[in-house]
Amino acid sequence: LFRWLNEIPGKAAFVALSEIAKAHPDVESRVWFEHHARAKAQADSESDPWRVEQVREFHDTLERTPRTHRELYDLAVYRLLDLKADLEDGDSSEASVLRRALLETDVRNYIGNRLRRDSRGRYVATQEEELADAKRPDLRLQGMGFDGPVPMELKLADAWTGPSRFERLEVQLSGDYLRDVRSRRALFVLVHRGDERKARWQIPPSMDPVDFMGLIQALEAHWTRLAPQYPNVESIRIIGIDLTARD
């Protein structure tokens, strides 16, 4: 059984090996299984070898066109981290303009347009694309030449309570948008406009109040606890964009 599991790539097999390590009746054998589970996780974390054309492209543009769902997810993370850096620390930051947006759709339009502008033909960004069960992810990135979309949930942190963000992460993003086997990675983006009436969020289960950075850290810790329950979900990246950072 161990040999078969160890040959299966992906998170589900890693979770199974971890469960065996915890439940094995021989205490000394648990350490052996834990070691091989970690080794499997390290092996699975390695990205695929670059193709020749990707090396050439990276040499010319310092980027490469994604060829797999994982590479598209990685590029989406880089794009959003670039946007976060521009808004929070850039000399020509548009954060003050974006803070005036009262509707979530306005912020989503801005981020969607930014992703499309920076696509350079490497992906397509669509808004509220309807799924089979009438669910509509805020944004989805589609790659070129392969079928592995990356969904993205985007929320204004000021407009929601702390517990509701935890619920959206678990039910909507993990449970709904990542049901399709083609999509195993997603992004959860929270934008803080700086509404004075909403500067703290209560975090379950203690319901202690935290600031925006504390909210992001609590959501990251929550996903770490949830991850074994969703063997079909490889990764969810939580990104917080603080529009008040330059105040």
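At 64% relative accessibility, L62 counts as exposed, where exposed denotes over 50% relative accessible area, buried under 20%, and partly exposed the range in between, computed with a 1.4 Å probe on protein chains only. The model is a predicted one, in which local features need pLDDT of at least 70 and side-chain atom pairs count only at pLDDT 80 or more, whereas totals for chains, interfaces and linings use all residues. Residues are numbered from 1 along each chain as its sequence is written, and side-chain values use heavy atoms, with hydrogens and water left out.

L62 is found in the loop between α4 and α5, the helices (H or I, at least four residues) and strands (E, at least two) being DSSP runs numbered from the N terminus. Although L62 is not a glycine, its phi is positive, at about 65 degrees. A positive phi, of about 55 degrees, is also found at R120, which is not a glycine either. R120 belongs to the loop between α7 and β1, and with a relative accessible area of 55% R120 is exposed.

Helix α4, which spans residues 52–61, contains Q54. Q54 is buried, its relative accessible area being 1%. Its side chain makes a polar contact with the side chain of E71 at 3.2 Å, a polar contact being a pair of N or O atoms within 3.5 Å in which, within protein, one atom must be able to donate a hydrogen and the other to accept it, and for which residues adjacent in sequence count only if both atoms are side-chain atoms. The side chain of Q54 also reaches the backbone oxygen of T65, at 3.2 Å. When residues up to four places away in sequence are not counted, Q54 touches P49, R64, T65, R67 and E71, contact meaning heavy atoms within 4.5 Å.

An open sheet of five strands, with mixed pairing, has the order β1-β2-β3-β4-β7; two strands pair if DSSP finds at least two bridges between them. Because β1 and β7 stand at the edges, each with a single partner strand, one side of each is left without a neighbour in the sheet. From one strand to the next, the twist averages 20 degrees. Strands β3 and β4 run parallel and are joined by five bridges, and the bridge partner of K155 in β4 is L190. Helix α5 lies across β1, β2, β3, β4 and β7 and runs at about 15 degrees to β7, with axes taken as lines fitted to C-alpha atoms, for helices over the stretch in contact, and angles running from 0 to 180 degrees between N-to-C directions.

The largest nonpolar core has 29 residues, and those with the most contacts inside it are L80, I111, L115 and L187; such a core is a set of buried Ala, Val, Leu, Ile, Met, Phe, Trp, Tyr and Cys residues joined through side-chain atoms within 4.5 Å. Two or more residues are given to this core by each of α5 (69–89), α6 (95–98), α7 (104–117), β1 (123–127), β2 (139–143), β3 (150–156), β4 (185–192) and β7 (235–242). The most comes from α5, which gives eight residues to this core. Apart from it lies another core, of 22 residues, which includes A186, W223, A227 and I236.

The loop between β1 and β2 holds K135, which is partly exposed, with a relative accessible area of 29%. Between K135 and L83 there are 52 residues of separation in sequence and 26 Å in space, C-alpha to C-alpha.

A search of the whole structure finds six aromatic pairs, where rings of Phe, Tyr and Trp (its six-membered ring) pair if their centres lie within 6.5 Å, and planes under 30 degrees apart count as stacked, over 60 as edge-to-face and the rest as tilted. One of these pairs, formed by F2 and W32, is tilted, with 4.8 Å centre to centre and 55 degrees between the planes. This pair links distant parts of the chain, F2 in helix α1 (residues 2–7) and W32 in helix α3 (residues 27–45), which are 30 residues apart. W32 is partly exposed, with a relative accessible area of 43%. The rings of W201 and F212 have centres 6.0 Å apart and planes at 55 degrees, so this pair is tilted. W201 lies in strand β5 (residues 201–203) and F212 in helix α9 (residues 212–226), 11 residues apart. W201 is buried at 0% relative accessibility, and F212 is buried with a relative accessible area of 7%.
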